[in-house]
Amino acid sequence: IGRFSVWDYVVFAAMLLVSTVIGIYYAFAGGGQKTSKDFLMGGRSMTALPVALSLAASFMSAVTVLGTPAEVYRFGAIFSIFAITYTLVVLCSAEIFLPVFYRLGITSTYEYLELRFNKYLRFCGTVLFIIQTASKLQSTSTLYTGIVIYAPALALNQVTGFDLWGAVVATGVVCTFYCTLGGLKAVVWTDVFQVGIMVAGFSSVIIRAVVVQEGIGRILNDSYYGGRLNFWDFNPNPLQRHTFWTIVLGGTFTWTGMYGVNQSQVQRYIACKTRFHAKLSLYINLVGLWVILVCAVLCGLALYSIYKDCDPWTAKQISAPDQLMPYLVLDILRDFPGLPGLFVASAYSGTLSTVSSSINALAAVTVEDLIRPYFRSLSEKKLSWISMGMSLFYGGVCIAMAALASLMGALLQAALSIFGMVGGPLLGLFALGILCSFANGVGAFMGLMFGFAVSLWVGIGAQIHPPLPERAMPLSLSTAGCNISILSNFTSPTKNPLTTLLYTQAKEHTRPVLADNWYSLSYLYFSTLGTLVTVAVGIVISLLTGMWQLQLCTPKKFALDTVCRTRTFYMKRTFYMTKKVEVLNWKPFTLAAEGTDNPAFSHVEMKVSGNKDKVNGLPI
């Protein structure tokens with residue numbers, strides 16, 4: 001295979017340079033970052049299209065560029081069923097969570113937890129987010145950003161000889177630079193540029209593969225006879241890694257935790273100038289997710305068509321599946337100087353977009369949840385400078401975590417899977433507050449603790465006793481067409497590889513009963529389990545600690561209802577009390593007319609301001 005040329009390095013450097021220039025521009029455009037809201041929320045003036053592209057870019061991390069094609073190559077195109085999952089996720093996020101968060105005008109999603117429950121739950125949510133380390137399909141945070149920086153650098157280094165630590169440091173420094181100077185606007189607009197680079201990198205590989213294989217028909221034909229077009233598997237077994245049900249049901253919960261309540265995503269779409277633009281950004285983003293998914297699946301099928309008779313992984317030409325895409329790029333694009341560099345730039349664009357959203361989100365929750373509430377005398381200008389300082393700090397932490405990732409090995413993989421379980425209980429906590437209006441602080445806290453405990457239980461168990469290989473159902477790979485004499489000369493330029501964080505081998509020892517049942521649950525159900533346990537326990541505890549008082553709805557600002565009544569039960573007698581609730585105007589700007597019609601109460605309207613002695617037309 002080929003090696004990197006000067007032109008490849010030029011293309012990669014140009015990507016970093018343009019990203020830096022965008023950060024410098026937004027550091028000074030419009031008078032700079034005058035307040036913390038300007039820095040963290042872009043002055044709440046963003047429009048739908050750039051935010052949508054930014055959301056899509058953050059989804060498409062380097063793990064997607066390198067890992068998803070390898071996933072399709074090994075397990076088939078059933079991964080494309082995630083298109084249905086993404087649709088359900090965007091619908092839930094746009095119609096359930098977005099209206100509440102946008103109406104409140106908050107900066108940190110965890111502010112909602114104090115408004116809805118109490119400040120202790122807000123603190124718990126903030127701390128969990130900051131320390132959270134997520135799996136590849138979950139939210140981003142400090143340790144995960146270290147993996148996002150280091151893992152693709154190592155995968156590319158082992159195949160291309162691309163300088164490992166030069167790439168790690170350059171990526172981390174550039175990302176920290178434009179995040180610190182330009183704030184959210186720089187993050188969003190660099191994402192717009194980077195998503196173009198990523199699609200261009202994918203497209204170059206797909207087009208060249210079609211030419212090499214003499215048409216897309218041959219790629220699809222090879223994939224069909226190789227069993228890779230396995231779109232529909234309706235096996236209801238929750239222990240099987242990927243089926244229609246695990247992807248649609250489990251994937252919906254997993255990704256809703258990302259798009260619905262995770263700070264790094266929510267922060268961007270609530271920075272839009274209107275709620276219409278915020279919703280529109282999610283739906284445009286859905287189209288972007290579909291495009292990215294199609295590109296990744298086509299790359300995976302092209303991988304199989306080209307290497308169906310000589311699998312580079314089995315033949316020891318590469319040391320891990322996530323090196324398949326770099327290997328393919330140098331194989332089929334070696335005669336086109338600059339194109340391998342474009343693919344590397346696309347992988348690192350995914351890294352930059354994911355890490356930049358993490359840095360900005362971490363700065364936001366630190367300033368809004370840990371600094372502003374306890375230092376109320378700080379001016380907006382000082383908070384703006386503090387926000388920049390926190391971005392610089394977290395950028396340095398991410399680079400340090402990349403160095404740590406190079407040393408921790410298998411221990412790090414265990415930490416990734418275990419702490420990735422945090423996403424499910426957090427989603428359950430927000431769902432409890434928004435959908436269950438009678439839930440109280442005690443129930444929410446106990447639900448969070450139980451959900452977290454169950455998630456850690458199954459997560460730790462799955463690490464100690466990994467599922468058997470037949471649960472993943474990898475498809476067959478062949479080396480029948482390999483030239484063994486050439487293979488014996490291949491050596492990897494980097495020793496002690498740590499690239500793939502997704503594949504483990506089951507140890508041969510006595511397995512307990514739970515190992516092949518409870519601990520073998522599909523990884524997509526981990527988040528689902530945490531969410532459902534949190535909600536179920538929260539409901540039960542709330543009812544038990546509510547003194548038999550069932551609040552039928554919460555104020556419009558904190559849930560999806562508009563009218564509040566309380567039904568109180570006294571043994572076998574039941575009577576109704578109707579109480580007037582004055583909703584606080586948390587929105588810092590004028591709300592558009594939304595109507596007060598509430599079908600849950602026979603279309604009666606609540607007019608508090610216009611009729612102070614009546615509620616819903618009834619005297620009090």
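Residues are termed buried under 20% relative accessible area, exposed over 50% and partly exposed in between (1.4 Å probe, protein chains only). The structure is a predicted model, in which local features need pLDDT of at least 70 and side-chain atom pairs count only at pLDDT 80 or more, while totals for chains, interfaces and linings use all residues. Residues are numbered from 1 along each chain as its sequence is written, and side-chain values use heavy atoms, without hydrogens and water.

Both Phe101 and Phe430 are buried. Rings of Phe, Tyr and Trp (its six-membered ring) are paired if their centres lie within 6.5 Å, with planes under 30 degrees apart counted as stacked, over 60 as edge-to-face and the rest as tilted. By this rule there are 20 aromatic pairs. The ring centres of Phe101 and Phe430 are 5.8 Å apart and the planes stand at 85 degrees, so this pair is edge-to-face. Phe101 belongs to helix α5 and Phe430 to helix α18, 329 residues apart; helices are DSSP runs (H or I, at least four residues), numbered from the N terminus.

In the contact between these helices (heavy atoms within 4.5 Å), Ile96, Phe97, Val100 and Phe101 of α5 meet Leu427, Phe430, Ala431, Ile434 and Leu435 of α18.

A further edge-to-face pair is formed by Phe393 and Tyr394, at 5.2 Å centre to centre and 65 degrees between the planes. Phe393 is partly exposed, with a relative accessible area of 46%, whereas Tyr394 is buried at 6%. Elsewhere, ring pairs join Phe79, Phe82, Tyr86, Trp255 and Tyr259 in a cluster.

How values were computed. Helix = DSSP H or I, 4+ residues; strand = E, 2+ residues; numbered from the N terminus.
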